Amino acid sequence: VRRLCAESRIGANSMKIRRALSYIRDHQNFLAISTSLVVVSFNVFSIAVPNYVNGVYVAIIFSKYFFTGYLKSFELSLAVSMLALFAIPAGLSVFGSEGQYVVLLAVAYIFTEVLRAVSNRMNRRLSHHTPRNKKFNLFLWAFLIAIVVVGWQFRFGLGSTINVFIFFLPFAASLVVMERSIDTISIAKIYLLAAAYFILILYYSMFFWSGFGRLVISAYIMIPILIINQHRDIGIRAWQLTLIIPSALVGAFVLRFQESDLQRLMEDSWVSHLTLTREMLDTLGSREPAGFSGYIDQYLLLFLQWVPRSIWPTKPVGVGLTFVDDWIGREGFDIGHSVALGFMGEALWYLGSSFVFGLVFIFFTIILLRFFAGVLDRGGYTLVAVVDSFLPSFFWGGMGTYGSRFWFFFLPMLFTMYLLRFRVRGKMGYRT
């Protein structure tokens, strides 16, 4: 009788646990959004929040991603941004101090969720007839990849412009070739292609990479993955990101600094955008904003950072560089040292208490950028994948950082597409 009673209690408890997990899974987005709004409201009205409450909120955000299944490619890019740049640092801040980054996590989560919903609704208006070749041209694809590898070997002394096109043009062309045949390739071959791109970028990271621009390396890896994932389900799930991203962050840190002191990880540039954003938020009432004109300058860099300074002598300088002179102080740093403010810190620095208007402004800019990339893509997803893959750079460094990285891949990709007469009409295609 005792055994039966004990088993019944265990069964009842396990049933309660299953019901609780099922409830979280079914209402995860509602829980995450509502708790994010509560966290932001508490901070707006200066209501003190116990640190364990911050811990519960961070756990809700992690559970949201952990219990999410298949992610469309745009959602996958946003999940990478949220986990790597906000959720993990916020979680570490809860354990290491007083959770000073939690409110920034809440704002970023609301921003990305609304961005996802509105942008997906906009892009449904586009034609999504994916170009198809009856047979995958393996020899052309391998030839293009070989050009990339050979270009790395002999790129020195050729000039920065030539170096850029030696890499970007063949790499972009290989992605276009792959997408045009993605629906005709077997899953096994798709895995081999994804592995080939990963090995290619890993090879570059180990032997040619300077150690700066870790988010650029992640974007190079993400572009082919996003293209493949948009067309075919290759088994990528959100819960996998919660395991892979922490390992990737540590690995990139070790590759760059050749050390394994993880205490330095929280002092690294990986979290500088949160540190400086928090500083801008805390000093909101005691400093003068840098001005709306400066924000417009950074907005211009979002679109025109690729223009050489020899053609545009008055081209603005990125905020990451000027912020060191204007706020931190150049003493102790070299002339080229710059920092990352993040998309929120940038708005706080230039607009002060009106920063919300800046966030709304850039919110609609990203939506339109994705929309017109889809228009130019004429049915494919490759150009939109480039926009999505570099979004982590925007969240980390702001508009100037995004413009300095995104266009150097987008323009060669666009050139390659029209060179290959990438023109498609139709109504059927990839999942939106």
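Predicted model: local features only at pLDDT ≥ 70, side-chain atom pairs only at ≥ 80, totals over all residues.
Residues are numbered from 1 along each chain as its sequence is written, and side-chain values use heavy atoms, with hydrogens and water left out. Local features need pLDDT of at least 70 and side-chain atom pairs count only at pLDDT 80 or more, while totals for chains, interfaces and linings use all residues.

**View 1. Helix H2 packs against helix H5.** Here H2 (residues 28-44) and H5 (residues 102-123) pack at an angle of about 130°, with their axes 9 Å apart. That angle makes H2 oblique to H5. Helices (H or I, at least four residues) are DSSP runs, numbered from the N terminus. Axes are lines fitted to C-alpha atoms over the stretch in contact, and angles run from 0 to 180 degrees between N-to-C directions. Angles under 35 degrees count as roughly parallel, over 145 as roughly antiparallel, 65 to 115 as roughly perpendicular and the rest as oblique. The two helices make a left-handed crossing (the near helix is turned anticlockwise from the far one by less than a right angle; clockwise would be right-handed). Ala, Val, Leu, Ile, Met, Phe, Trp, Tyr, Cys and Pro count as nonpolar, Asp, Glu, Lys and Arg as charged, and the others, Gly among them, as polar.

**View 2. Helix H3 also packs against H5.** H3 (residues 51-66) and H5 pack at an angle of about 30°, with their axes 10 Å apart, and the two are therefore roughly parallel to each other. H3 passes H5 in a left-handed crossing. On the H3 side you will find Asn-54, Tyr-57, Val-58, Ile-61, Lys-64 and Tyr-65, which meet Val-102, Leu-105, Ala-106, Tyr-109 and Glu-113 in H5. The contact of H3 with H5 has eight nonpolar, one polar and two charged residues.

**View 3. Helix H14 crosses helix H15.** H14 (residues 342-351) packs on H15 at an angle of about 130°, with axes 8 Å apart, so the pair is oblique. Their crossing is right-handed. Phe-343, Met-344, Ala-347, Leu-348 and Leu-351 in H14 meet Phe-355, Gly-358 and Leu-359 in H15. By class, the residues of this contact divide into seven nonpolar, one polar and no charged.

**View 4. The second largest pocket is lined by 21 residues.** A pocket is an open set of points on a 1 Å grid over the protein atoms alone, with protein on both sides within 12 Å along at least five of seven lines, and lining residues have an atom within 4 Å of a point. About 560 Å³ of space lies in this pocket. Val-40, Val-107, Phe-355, Val-356 and Leu-359 lie nearest its centre. H2, H5, helix H11 (272-282), H14 and H15 each give two or more residues to the lining, which has 18 nonpolar, three polar and no charged residues. Volumes are the space filled by probe spheres set on grid points, which are joined across faces, edges and corners.

**View 5. H15 gives the most residues to the lining of the second largest cavity.** A cavity is a set of grid points where a 1.4 Å probe fits but cannot get out. H15 (residues 355-377) supplies four residues. The lining divides into six nonpolar, one polar and no charged residues.

Methods: Contact = heavy atoms within 4.5 Å.
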